[in-house]
Amino acid sequence: PDIHARVAKLHPPEESLSTYRLLTQLIPRDGLVWANLFARKLQLGRLDEEARQALDSALKLAPYEPLVQETLIGSASPRWLMLDPATKQKIIEMAVRALESKSHYRKSEIRQLLVNRGLMWPVCASPRVVDHAFCGRYRH
């Protein structure tokens, strides 16, 4: 994770795109690299094929990794209205998996991120939700 913080801190979003592209070639099995590429693309307002591929790769490589989940939620939420329905659905399904996971590692942080970013309502409205216990007042 240190490399991701350094890239974000040292490079403006446009420059970090090329850095993350290079990192996806050097360490293609790192879900967090793909999640950060997705995040930078959204930060620049570019939901294009490269961004969608980065999201898909992050979800495929690290479907249960909390840092990847937090990166995807954190980057998608400010741009929620620009996301297409398929991308929103992938983020929601990932959030449901995170909240229904038996692991408690960073679960409360992910829930709080969803609450703070206004995404608990769409998450709790998802037909994918099996256990509504985490929804609390967001239950439909």
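Predicted model: local features only at pLDDT ≥ 70, side-chain atom pairs only at ≥ 80, totals over all residues.
Figure 1. A side-chain oxygen of Asp 48 lies within 3.3 Å of the backbone nitrogen of Glu 50, at the start of helix 4.

**Figure 2. The buried residues of helix 4.** Ala 51, Ala 54, Leu 55, Ser 57, Ala 58 and Leu 59 are the buried residues of this helix. These buried residues pack against helix 3, helix 5 and helix 6. In an α-helix there are 3.6 residues a turn, so residues three or four places apart point the same way. Among the buried residues of helix 4 are Ala 51, Leu 55 and Leu 59.

**Figure 3. The largest nonpolar core.** This core has 41 residues. Those with the most contacts inside the core are Phe 38, Leu 72, Ile 73, Ile 91, Leu 114, Val 123 and Phe 134. The elements that give two or more residues to the core are helix 2 (13-26), helix 3 (31-43), helix 4 (49-61), helix 5 (66-76), helix 6 (85-100), helix 7 (107-116) and helix 8 (120-124). In soluble globular proteins, nonpolar side chains tend to be buried together.

**Figure 4. The surroundings of Leu 114.** Leu 114 is one of the residues with the most contacts inside the largest nonpolar core. Leaving aside residues up to four places away in sequence, Leu 114 touches Ile 73, Ala 95, Leu 99, Leu 119, Met 120 and Val 123. Two of these partners, Ile 73 and Val 123, are also listed among the residues with the most contacts inside the core.

**Figure 5. The disulfide of Cys 124 and Cys 135.** The structure holds one disulfide. Its sulfur atoms, from Cys 124 and Cys 135, are 2.2 Å apart. The pair links distant parts of the chain, with Cys 124 in helix 8 and Cys 135 in the segment after helix 8, 11 residues apart. The link is left-handed, with -110 degrees about the S-S bond. Cys 124 has a relative accessible area of 2%, so this residue counts as buried. Cys 135 is also buried, with a relative accessible area of 0%.

**Figure 6. Glu 15 in helix 2.** Glu 15 has a relative accessible area of 45% and is therefore partly exposed. The C-alpha atoms of Glu 15 and Lys 107 are separated by 32 Å. Along the chain, Glu 15 and Lys 107 are 92 residues apart.

Technical notes
Residues numbered from 1 in each chain as written. Heavy atoms only, no water. Core = buried A, V, L, I, M, F, W, Y, C linked by side-chain atoms within 4.5 Å. Buried < 20%, exposed > 50% of the residue type's maximum accessible area, 1.4 Å probe, protein only. Helix = DSSP H or I, 4+ residues; strand = E, 2+ residues; numbered from the N terminus. Contact = heavy atoms within 4.5 Å. Polar contact = N/O pair within 3.5 Å; in protein donor to acceptor, adjacent residues only side chain to side chain. Disulfide = S-S within 2.5 Å.
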